[in-house]
Amino acid sequence: MLSGKTVMVTGASQGVGRGLALAAASAGASVVITARNIDAAEGVAAEIRALGAHAIALRCDVTERAEVEAAVAVTLDRFGQLDALVHNATSRFSGRGAQLQNVTDEDWNDQVAVGLRAAFHCAQAAFPALSRVAGSFIILVSNAGIEGSLPLPVYSAIKGAQRGLVKSLAREWGPAGIRVNAIAPVAMTPAMGKFFDAQPEMRDYIKSGAALRRVGEPQADVGPVLNFLIGPNSAFITGQTILVNGGATMV
Amino acid sequence: MDTQLAGKDALVLGGDEVGAAVARGLTALGASVTRHVAETSGAVDLVVIPVTDPGGLTPAPLAEMDEAEWIRRCEAPLGAVRVALQEAHAVLNQRGGTIILLVPTIAMIGAADFAAYSAVGEGARSLAKAAARGWGAQGITVNCLALTQEQLAPDVAGRVTETRVPPALKTPDIEHDVAAFIATLTLGPPVVTGTTIMLDGGNHMSV
């Protein structure tokens, strides 16, 4: 499905990003794994190469414009094109709970940097390359950005803001043939695993809230949706948020 | 003369011309209106937060924007909404009350050359929902009223090509119609929170 395409995924050294990278590679794409932890990123790239697909790992702090631009430049040098950039990276503070009245500048600023400024960096850095191939720009968002989250107000704001960015950018870049979409997954990640270990009752609570009574798997459940959005079968879809949550929220 | 807000204290935070129009309208309805937290005598009944940063109301293609402009158009105004909500909570948490954000419809439907502003608008709506969930137990409701670019910035409304469909009704005027609707939400039973009402005269119906 994605043979001949090159896909860059930010924050791909673990969790949902890793699953998306593996899924894209399994569908035939060459994959660029970017993360601040280069050792972990190299590990994912090695996993993909072991499957017989092409992958490289790049250290990239997405809050730094120069590093994002360099990652795109290396991608083009290595693979000749960039068909999709998937902005998945999230702040290390994204799971830190605090009611809105108690949110500090520290909580706010790092999530803004990774969620919004980095999205801006990724969009600008990828725009020339994506416009040459009528590519896709995709942002991983969250149900928190749709429903609002009591314990995670900052995360809600950032994910909601990313959805606004997606919709307007889809209209702005549509004439250039670039499609812009968002995916809102509920999927098992190392962070969610730690959360469930600390609060085992939450595992059943979250499962019971989904019509399909389970938490998704990044590669098996979310990956195919990414591949669909990158691939030719979604050529008429842009500006959308696709909820991949087992029916936890139905808009 | 309609003075349904007589005895009510209102705080309208920022918003320049839009905020000023809301303040005039609420004053005409009998409310005692201040424009800065420092001017309040303590608790208030209503806080209005216009998410209408003047810089964001003008078009700006994302690909041509430098980082300073991105921060000015997106990160700074969204951060200001966060601070405004925290200030609102501080003046409402003693006796509960109403928080209303005025947000742009273009954030919900998308508009070319308004990506940064759209991010602010949708981020503000999500923040309002989180606040609504958190503060409901304190008797505070948080809702959004969505207004079109024609209402918020008539000078550049023609640049928004996504709003060509005419409204089914007349376009609500901020000073009179929007202020009156805010009064309705303020005086009504506290049973609606975390929602967005399109106050555009029936322009956009897809949300």
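## Where the chains meet

In this predicted model, 38 residues of chain B are in contact with 35 residues of chain A (in contact: C-beta atoms, placed from the backbone, within 7 Å). On the chain B side, α2 (67–92), α3 (105–109) and α4 (115–135) each give two or more residues, with α4(B) giving the most, 16 residues. Helices here are DSSP runs of H or I with at least four residues, strands are E runs of at least two, and both are numbered from the N terminus.

By class, that side of chain B has 19 nonpolar, ten polar and nine charged residues (nonpolar: Ala, Val, Leu, Ile, Met, Phe, Trp, Tyr, Cys and Pro; charged: Asp, Glu, Lys and Arg; polar: the others, Gly among them).

## The sheet in chain A

Chain A has an open, parallel sheet of seven strands, ordered β3-β2-β1-β4-β5-β6-β7; strands pair if DSSP finds at least two bridges between them. β3 (55–59) and β7 (241–244) of chain A sit at the edges with a single partner strand each, so one side of each has no neighbour in the sheet.

Neighbouring strands are turned by 20° against each other on average, ignoring direction. β1 (6–10) and β4 (84–87) of chain A pair in parallel over three bridges, and A:V9 has A:V86 in β4(A) as its bridge partner.

## Helices on the sheet

α9 (218–230) of chain A lies across β1, β4, β5, β6 and β7 of chain A, at about 170° to β6(A) (axes are lines fitted to C-alpha atoms, for helices over the stretch in contact; angles run from 0 to 180 degrees between N-to-C directions).

## Conventions

Residues count from 1 along each chain as its sequence is written, while chains are lettered from A and ligands numbered from 1 in the order written. Local features need pLDDT of at least 70 and side-chain atom pairs count only at pLDDT 80 or more, whereas totals for chains, interfaces and linings use all residues.

Conventions: Contact = placed C-beta atoms within 7 Å.
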